Amino acid sequence: MYGNDFTQQPIVEIAEDDADFQAILDADGRIEPRDAMPEAYRKNLIRQIAQHAHSEIIGMQPEGNWITRAPSLKRKAILMAKVQDEAGHGLYLYAAAETLGADRADLLDLLHTGRQKYSSIFNYPTLTWADMGAIGWLVDGAGIVNQVPLCRCSYGPYARAMVRVCKEESFHQRQGFEILHTLSHGTPAQKAMAQDAVDRWWWPSLMMFGPPDESSPNTERSMRWGIKRFSNDELRQRFVDMTVPQAQALDLTLPDPQLSWDAATGHWEYGAIDFTELFEVIKGNGPCNAQRMAHRRRAHEEGAWVREAALAYATKRDAEREAEPPAAVA
Ligand SMILES: [Fe+2]
Ligand SMILES: [Fe+2]
């Protein structure tokens, strides 16, 4: 998911009558909607999948902001396709949460009333066109590192949704890299714009992996349940190792003077992350929290007629189907 799962919940032990559930986990099988599962597992998954879904649809806003200002028709078409993909990701994920008995309207209500979170990364503003490059390259890039292991998550519908999502995220990451590559090999002003965007998005991207392992209360339980496969710090390190050579290929600098190659560990060492900033953004004090929520609520209210019309049409079609005699089999 898009990180930032800080909700503290009590550790609930698996009861003995959940032996079948445990046997499926032990065999690295998939839990399907028909299977019995501990209530805590079900609730935990609903919350995680819903917060992931919320992140996908809120994530449309910072980039949707640039569709009318994309520098060419080709860039506009690509950006529109990307933003539309994010809506689709939200849709798969809300549908996956519904297989666990959640109601989509309730989940949206939790988002709109601030009782469920979305990834803090989307509370930062998109100031220039280069931000479209930095978001694709770094934010979608971090999203991929977080989400690829979820393709092997223990809950079948979530894992299967992630397979398609990750393929699309990979396109998003490449288009972001390509935008930055064009800018960084353009005029000095374009290169400076690309560098400025990378400077602003680097640290928030590292924070997308959540708090350090020692202060991540849910990690142990999520790993035991086969929802999470790697710790926050393992995934963050993987992202840094993947991204540093790409920054070199872009001829852009990552804003961390302590970034250095450690030949002994085979990893890139990075400087300390200022998590106080992240916690402020999570608390609602980020640059765009209020704006994102206001826009989301307004979009939901203004879209009410579409939902009502779709529901009325579906009801009418169902009634017509029931009235029709079944077609003869040839
Ligand atoms: Fe996405
Ligand atoms: Fe994406």
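Helices (H or I, at least four residues) and strands (E, at least two) are DSSP runs, numbered from the N terminus. This is a predicted model, in which local features need pLDDT of at least 70 and side-chain atom pairs count only at pLDDT 80 or more, while totals for chains, interfaces and linings use all residues. Residues are numbered from 1 along each chain as its sequence is written, and side-chain values use heavy atoms, with hydrogens and water left out.

Loops. I found D251 in the loop between α10 (232-250) and β1 (260-262). Its phi is near 60°, a positive value in a residue other than glycine. Most residues other than glycine have a negative phi. D251 is partly exposed at 47% relative accessible area (buried is under 20%, exposed over 50%, partly exposed in between; 1.4 Å probe, protein chains only). I then looked at D28, in the loop between α1 (19-26) and α2 (39-58). Phi of D28 is also positive, near 55°, and D28 is partly exposed at 40%.

Metal site. I listed the protein donors (N, O and S atoms within 2.8 Å of the metal, or 3.2 Å for Na, K and Ca; water is not among the atoms, so sites may look incomplete). For the iron ion (ligand 1) they are E56 (OE), E86 (OE), H89 (ND1) and E169 (OE), at 2.0 to 2.2 Å. The iron ion (ligand 2) is 3.4 Å from the iron ion (ligand 1), and E86 coordinates both. E56 lies in helix α2 and E169 in helix α7 (residues 156-184), so the pair ties together parts 113 residues apart in sequence. I noted E56 as buried at 1% relative accessibility and E169 as buried at 0%.

Methods:
Chains are lettered from A and ligands numbered from 1 in the order in which they are written.
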